[in-house]
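Morning, everyone. I have one model to walk through, and a few spots in it to look at. Here it is.

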Amino acid sequence: MNQWLKGDERMDQLLSHNLSIIQSPSVFSFSLDAVLLADFAQPAKHDRAKVVDLCAGNGVVGLLLSQKTSSPIIGIEIQERLVDMANRTIQLNGLDKQVSILHGDLSDASKWIKKDTVDTLTCNPPYFAVGEKSIKNPNSHLAIARHELHTNLDEVMRVSSGLLKMNGKAYFVHRPDRLIEILETMKKYRLAPKKMRLVYPKVGKEANTLLIEGIKDGKDTGFRVLPPLFVYNEDNNYLPEVSAMLHGIR
């Protein structure tokens with residue numbers, strides 16, 4: 001396996017789907033948020049559908065989606081090293097005929113993907129708006145992944161809507177404290193919010209993650225709030241639903 005790795009990289013296993021993921025502590029490691037997003041998303045399954053993953057990171061969302069659909073999956077990621085890691089991971093798992101990650105800014109997505117053609121879109125964007133008092137991670141790779149340095153919520157929604165065909169579905173993971181802004185921006189760009197789920201670290205704690213689905217040019221009616229998802233029990237072990245996502249066991 002070592003021929004797949006460079007520098008300080010390591011090989012992690014996502015046992016629930018028998019996938020090997022190339023990671024690096026100095027660049028970026030996928031978080032539970034990516035796994036939650038891929039689990040929440042319901043990609044179109046037919047071969048002629050098109051699935052796109054924006055802010056693809058090291059490719060884990062696209063890899064997980066490949067287990068739910070036979071459609072081609074295209075990821076876009078701005079950090080070149082992450083793209084290199086992602087494409088080696090894709091080859092390692094034998095998925096290079098279905099999944100690919102492109103190096104570029106999501107604002108340029110229409111250069112590679114024709115507008116109004118995408119059936120399903122996912123995005124795990126940077127969560128934190130950048131202001132004068134923002135404390136950014138000193139690691140530039142992590143700062144780009146977590147803070148809106150190269151994109152922002154408005155651009156994410158605008159690009160997502162532009163790529164999606166009518167009635168195409170978009171899935172986002174974000175932070176609950178930006179829910180109002182998320183809903184307003186989705187509607188601004190013709191993405192009708194349809195389904196939401198809040199994720200809580202433990203029972204009795206505040207939600208710290210938001211999963212939301214939007215449909216391009218969908219009706220304003222029929223918004224659903226799904227049952228809450230709790231991650232850990234009192235002993236800090238994963239609860240059954242999350243354990244199944246990560247390890248394939250309940």
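Start with His-174. It counts as buried because its relative accessibility is 3%; buried means under 20% relative accessible area, exposed over 50%, partly exposed in between, with a 1.4 Å probe and protein chains only. His-174 is found in strand S7, residues 164–174. Helices (H or I, at least four residues) and strands (E, at least two) are DSSP runs, numbered from the N terminus.

What does His-174 touch, leaving out residues up to four places away in sequence? Pro-125, Pro-126, Tyr-127, Leu-153, Ile-182, Asn-208, Thr-209 and Leu-210. Contact here means heavy atoms within 4.5 Å.

A word on the source. This is a predicted model, where local features need pLDDT of at least 70 and side-chain atom pairs count only at pLDDT 80 or more, while totals for chains, interfaces and linings use all residues. Residues are numbered from 1 along each chain as its sequence is written, and side-chain values use heavy atoms, with hydrogens and water left out.

Next, helix H7, residues 240–247. Its buried residues are Val-242, Ser-243, Ala-244, Met-245 and Leu-246. Their cover includes strand S1 (10–14), helix H1 (32–40) and strand S11 (229–230). Just after H7, Gly-248 takes a positive phi of about 80°.

Now H1 against H7. They pack at an angle of about 95°, with axes 10 Å apart. Axes are lines fitted to C-alpha atoms, for helices over the stretch in contact, and angles run from 0 to 180 degrees between N-to-C directions. So the two helices, H1 and H7, are roughly perpendicular. The cut-offs: under 35 degrees is roughly parallel, over 145 roughly antiparallel, 65 to 115 roughly perpendicular, and the rest oblique. From H1, Leu-32, Val-35, Leu-36 and Asp-39 meet Val-242, Met-245 and Leu-246 of H7.

On to the cysteines. How many disulfides does a search of the whole structure find? The search finds 0, taking a disulfide as a pair of cysteine sulfur atoms within 2.5 Å. Cys-55 is in no disulfide, and its nearest cysteine sulfur, that of Cys-123, is 3.8 Å away. Cys-55 is buried at 19% relative accessible area. Cys-123 is buried too, at 0%.

Last stop, Gln-91, in helix H3, residues 80–92. Gln-91 is partly exposed, at 45% relative accessible area. Beyond four places in sequence, Gln-91 touches Trp-4 and Asp-96. The C-alpha atoms of Gln-91 and Trp-4 are separated by 9.3 Å, and the two residues are 87 apart along the chain.
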